[in-house]
Amino acid sequence: MRYLVILLSLAVAAGIVAARRRFVVVRVAGTSMVPTYQPGDRVLIRRGGRAVLRRGQVVVFRRLQPDGAGSSGRTPGLRGTEWLIKRVAAMPGDTVPDQVAPGVHAVPGDVVPADRLVVLGDGPISSDSRHWGYLPVSEVLGVVIRRLT
């Protein structure tokens, strides 16, 4: 009986560790995703899954540098990073949306480069691909599964 309790405890602990690696809760800051998400909402994120990103999904990603470049390569951890939340408007190979073309220096008919995304906020005021260009796929933490609050 004692071994069964130990095995069960180990299984539960392993499940918790696996869930923490796969899922993250992020608090929404700012109004760029209103009305979909309000400031202060908590959302559940499925980490990874970059290979299955689709247009229309809401993603959480590391804040870009002012020039649109990705992170320095150094990973400060989840708590030490500023995360943004936006909706995927175009995937690699998709035609660059007209409203984003000036921000990415594209001409009509250009396509989104490999390993890049176009992301837009749902709200009328949003700093997004229209302002800082393409989002490197490598900066995506994960996809929003649902609102928790």
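The model is predicted. The chain has 149 residues, 38% of them buried, and its secondary structure consists of three helices and seven strands.

**Chain as a whole**

- Read from the N terminus, the order of elements is α-β-β-β-β-α-β-α-β-β.
- Of the contacts between residues at least 6 apart in sequence, 64% link residues at least 24 apart.

**Ser-129**

- Ser-129 belongs to helix α3, which spans residues 129–132.
- Its relative accessible area is 0%, so Ser-129 counts as buried, the cut-off being under 20%.
- A polar atom of the Ser-129 side chain lies 2.9 Å from the backbone nitrogen of Val-119.
- Beyond its neighbours within four places in sequence, Ser-129 contacts Val-100, Gly-103, Val-104, Leu-117, Val-118, Val-119 and Tyr-134.

**Nonpolar patch and Ile-6**

- Tyr-3, Ile-6, Leu-7 and Leu-10 form a nonpolar surface patch of about 470 Å².
- Ile-6, one of these residues, sits in helix α1, which covers residues 2–22.
- Ile-6 is classed as partly exposed because its relative accessibility is 39%, which falls between the limits of 20% and 50%.

Notes: Residues are numbered from 1 along each chain as its sequence is written. This is a predicted model: local features need pLDDT of at least 70, side-chain atom pairs count only at pLDDT 80 or more; totals for chains, interfaces and linings use all residues. Side-chain values use heavy atoms; hydrogens and water are left out. Helices (H or I, at least four residues) and strands (E, at least two) are DSSP runs, numbered from the N terminus. Buried means under 20% relative accessible area, exposed over 50%, partly exposed in between (1.4 Å probe, protein chains only). A polar contact is a pair of N or O atoms within 3.5 Å; within protein, one must be able to donate a hydrogen and the other to accept it, and residues adjacent in sequence count only if both atoms are side-chain atoms. Contact means heavy atoms within 4.5 Å. Patches are made of residues with over 30% relative accessible area and no salt bridge: like charges are joined within 9 Å, nonpolar side chains (Val, Leu, Ile, Met, Phe, Trp, Tyr) within 5 Å. Accessible areas come from the Shrake-Rupley method with a 1.4 Å probe; for residues, only the protein chains shown count as cover. A salt bridge is a side-chain nitrogen of Lys or Arg within 4 Å of a carboxyl oxygen of Asp or Glu.
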